[in-house]
Amino acid sequence: MGVAIIVNSPECISVIEPLLHSPYTLLMKLPTSLFHLPRLTATLAVAAALSACASMPHKPAPVLSTAPAPVATAANAPEAASARQADALLAEGYDLEAAKDYIKAAAAVQGKTQLQYLLKAAQASLQGNRAPVAVLLANEVLRLEHDDNGLRGQALWVRAQGLMDQGQTPRAKGNLEELLTIASTPQEVRAEAMGTLATLYTQEGHELTALNFLIERDSLLSGAAIHKNHQRIHALLDSVSSARIQNWQGRSGNPLVQEWLAIALISRHNPDPDQRKAAINAWMAAHPGHPPINFTSHDELNVADTTSSQEGSICALLPSTGSYAGLSQALSAGMETAAQLTSGPAVKLLQSTGNPSYTAVLFERGVKEGCQIFVGPLLPQDINAVASVRKPSDPPVIALGSDAGVQQPGLYTFSLSRDVAARQIANQGYAAGYRRVYVLYPQDSSGAAIQADFIDTWKKLGGSVAGVATYLPGHSLNGQAQQLLSGTSSTHDFVFLVADSKNANAAVSAIRSINSHIPIFSPALLHGSTLPSNAQNLSGIESVDMPWIIQPATTKPQAAALLHTSLPNASDAQWRMAAFGLDAYQLADKILAKQFSQPLKGATGTLHFGKEGRIVRDMEWMEVENGAIVPLPAIPKPGS
């Protein structure tokens with residue numbers, strides 16, 4: 001909903017001032033009021049505060065003398081002081097305080113100057129992660145300004161970014177497209193808007209429209225940005241079939257697009273680099289009417305051409321086939337989001353095919369192309385392949401899986417496996433005072449691996465196992481629970497339950513029918529977004545999981561908003577992998593900066609650099625209470 005913020009009426013200010021102790025709407029209370037309110041509440045609050053002003057009669061303007069008036073510096077003093085203070089606060093990184101002072105400056109003036117201060121307040125609000133307020137202020141600038149396209153363009157840009165941060169991508173897309181119609185839009189803003197629109201249209205399945213935007217933005221870029229744009233064009237073309245590309249040739253009237261499409265088909269039909277180069281040069285000679293595109297016939301393979309542009313990049317070496325393709329997409333999306341939020345090194349995606357030899361080739365190619373650090377591989381065979389060719393002088397590698405046979409300086413392991421949760425329950429359970437455990441797990445390979453890892457860790461710590469039982473998923477667990485818990489339990493016992501959301505209700509109900517008080521601890525298999533439809537039966541179960549899942553509203557909300565845009569239909573597994581991508585990027589940044597001493601509060605938990613290159617992940621404890629997840633400060637103590 002929109003709100004008109006009237007700031008040039010003394011009567012309006014006099015009505016609002018007693019309520020707000022300020023000369024300018026609820027926005028003057030930032031950040032203690034509006035910046036801390038939900039978007040709808042904030043908008044309604046502003047509307048209520050201004051409702052009395054909407055119908056209040058305004059005094060007519062006084063008749064001015066025809067004689068030149070002296071310069072009234074005193075009238076501008078509040079504006080000048082607030083604006084100077086806002087500039088200083090913004091320079092020092094106090095974005096929200098700067099926004100408040102810009103609003104004060106706007107309250108003291110009228111006309112275009114007022115709108116410029118409101119726009120500055122909107123920009124500062126956006127920088128301070130207060131997207132709803134930024135959109136509210138940008139709306140007001142757009143409502144009042146119709147003549148200055150430059151000012152409108154800036155307001156559209158702020159509003160588009162604010163809407164994107166709130167996940168309102170259809171509205172943001174409209175603002176970005178309108179922004180492109182304004183001739184005064186700066187070149188760098190136009191290029192970024194086109195890149196964002198390409199992403200949004202790709203997600204909607206309109207790849208040809210996205211391709212047009214990417215190719216049009218090429219002329220706006222320079223240096224490393226051109227190479228990165230070419231990577232996006234290649235990736236988009238690689239994602240569609242040859243038949244679709246041939247169909248596009250007849251639909252696009254842009255000669256540059258036609259040339260890219262032709263080169264894509266030639267590249268597919270000529271895998272040999274030399275043959276491909278000759279075929280592309282021949283096509284160019286046969287079509288002299290086409291303007292030359294900013295592209296060399298083999299730039300994706302020419303190391304000499306890409307070394308400088310790729311220097312400083314963080315390279316994601318991930319599988320792109322089979323069941324791993326979606327997970328890799330989410331991991332790379334998380335990394336790219338982290339790069340965008342931190343303005344850090346770019347992310348370059350190297351897609352392996354499940355062939356370890358090819359993964360090793362990709363790694364060596366990445367080293368030559370200037371990758372400073374690698375995130376991945378993910379699969380054990382790929383980790384071994386990379387380790388076998390990696391030299392001591394090569395860049396560091398963050399392997400996204402653990403393999404006991406691989407250990408070398410500069411190789412870090414950041415395991416994505418849920419056995420991490422099993423080990424954490426064992427370690428923290430023993431440290432809390434528990435000494436005996438009952439294990440219940442499903443008869444499948446995943447459940448068997450998780451319980452085996454738990455029991456191995458538990459026994460090494462000195463804990464005892466009172467009983468182990470298995471169950472068939474989808475079947476009654478009453479008999480297995482009776483068999484498991486038939487003996488007498490003590491306050492130092494607990495149940496280690498391995499169950500997914502489909503079997504969790506039945507497992508907990510079966511356990512509670514026999515023992516109503518024994519603690520039930522579970523690894524991170526009960527997702528916040530996939531609790532059973534009747535999760536009341538899970539009340540009292542404790543588990544470990546990542547902050548990203550337990551508290552999505554407070555764990556990196558800006559990253560979540562951006563990822564909802566790049567992964568609009570993400571599965572639960574992809575949403576978890578996106579969190580690992582966010583953390584993997586931050587870990588890579590820490591390794592490059594050689595900052596190993598301080599823990600990192602990540603989306604997946606608190607991360608530490610441990611011994612032998614292992615990255616330790618401390619997840620958070622939670623309890624299911626009346627069907628909802630409640631975070632816990634630590635594991636419940638025995639008898640509590």
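Analyst: Two strands pair if DSSP finds at least two bridges between them. Helices (H or I, at least four residues) and strands (E, at least two) are DSSP runs, numbered from the N terminus. This is a predicted model, where local features need pLDDT of at least 70, side-chain atom pairs count only at pLDDT 80 or more, and totals for chains, interfaces and linings use all residues. Residues are numbered from 1 along each chain as its sequence is written, and side-chain values use heavy atoms, without hydrogens and water.

User: Which are the edge strands of the open sheet of seven strands?

Analyst: The sheet runs β7-β6-β8-β9-β10-β14-β15, and its pairing is mixed. An edge strand pairs on one side only. That describes β7 (464-471) and β15 (628-632).

User: In β14, what is the bridge partner of Ser543?

Analyst: Strands β10 (residues 542-545) and β14 (residues 620-625) are antiparallel partners, joined over four bridges. In one of these strands, β14, the residue bridged to Ser543 is Met622.

User: How far apart are the axes of α16 and α25?

Analyst: Helix α16 (residues 324-342) packs on helix α25 (residues 572-592) at about 45 degrees. Among the residues that meet are Gly334 and Met335 in α16, and Gly581 and Leu582 in α25. The separation of the two axes is 7 Å.

Notes. Axes are lines fitted to C-alpha atoms, for helices over the stretch in contact, and angles run from 0 to 180 degrees between N-to-C directions. Contact means heavy atoms within 4.5 Å.
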